[in-house]
Amino acid sequence: MNGMVYKENYRGKEESSDEREIETLKMEKKQSEVMEQLVKQASASPNANALTSILVQATSHPNVFSFSQFLALPNLLQLEATENSTYLDMLRLFAHGTWSDYKSNADCFPQLIPDQILKLKQLTVLTLAETYKVLPYNQLMQELDMTNVRELEDFLISECMYSGIVRGKLDHLRQCFQVQFAACRDLRHAQLGSMIQTLSNWLSTSENLLVSIQEKIKWADAMSEIEKKHRKDVEEKVQEVKSLIKKLHIVNRPTLTLGAMRIFALNLLV
């Protein structure tokens, strides 16, 4: 009963964009601090055993979801072609892989501890959320080895949304998770070309939009000058008419001739 109330309360909770931005910044700051500390320890590891211990710690830490900085460490090469090379494969799995990848090749990796299993399942949700905006419960339960909806929804709420790695809505009626935000996973080298092309396209579109905006600003400035000139002409014309009306009142006497009246009338029409 409490679990159901918990989920319903979460579904009804709405946060402003500012609140979400603050929470995201807090999460990134905390992750950065932890990453900096662990990377520093890993780079200073005196031997392979110490290094593998830190890798296990990093892949099980609740605030670490990116591993590219570890993969870039030069001393990781000491694990290649040794009995500890499986730990390097494990690190690559956490950087790019999923729970299904682990199950398919479990013999190639060290045995995972419970915190690592939890982390890999969180990363699996991230991978799916990066690709799809609507995740069916059936697909999620299959990918995460879960047997019922309640277990899945509890996992999405407490381990994914509360940790800040994804945001979305649980749709119990349609049996799906609607993704609104997903943190980014580490890029594979094969993805760099596509990412560069995407950014290049965005840059080109932005430059074209900027040119269009500048042209519209110039047009608006020109129209503003025309409007100012028109307003000035109208104001001058109004002053002329006022002056003529004033003169008309001055000379509006019984002795005013018909010819004079015509002259004033013509002046008003000019």
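The request below concerns one residue and its surroundings.

User: Where in the chain is H96 placed, and which residues is H96 in contact with beyond its neighbours within four places in sequence?

Analyst: The model discussed here is predicted. Its secondary structure consists of eleven helices and three strands. In sequence order, these elements follow the pattern α-α-α-α-α-α-α-β-α-α-β-β-α-α.

H96 belongs to helix α5, which covers residues 85–96. Once the neighbours within four places in sequence are set aside, the contacts of H96 are L71, R185, D186, L187 and R188. With D186 there is also a polar contact: the side chain of H96 lies 3.4 Å from the backbone oxygen of D186.

Contacts across the sequence may also be considered for the whole chain. Of the contacts with a separation of 6 or more, 59% are between residues 24 or more positions apart.

Of the 270 residues in the chain, 31% are buried. The accessible surface amounts to about 17700 Å², and carbon and sulfur atoms contribute 56% of this area. L209 is classed as exposed because its relative accessibility is 53%, and the term applies to values over 50%.

Definitions and conventions:
Residues numbered from 1 in each chain as written. Predicted model: local features only at pLDDT ≥ 70, side-chain atom pairs only at ≥ 80, totals over all residues. Heavy atoms only, no water. Helix = DSSP H or I, 4+ residues; strand = E, 2+ residues; numbered from the N terminus. Buried < 20%, exposed > 50% of the residue type's maximum accessible area, 1.4 Å probe, protein only. Contact = heavy atoms within 4.5 Å. Areas by Shrake-Rupley, 256 points an atom, 1.4 Å probe, with all protein chains shown as cover. Polar contact = N/O pair within 3.5 Å; in protein donor to acceptor, adjacent residues only side chain to side chain.
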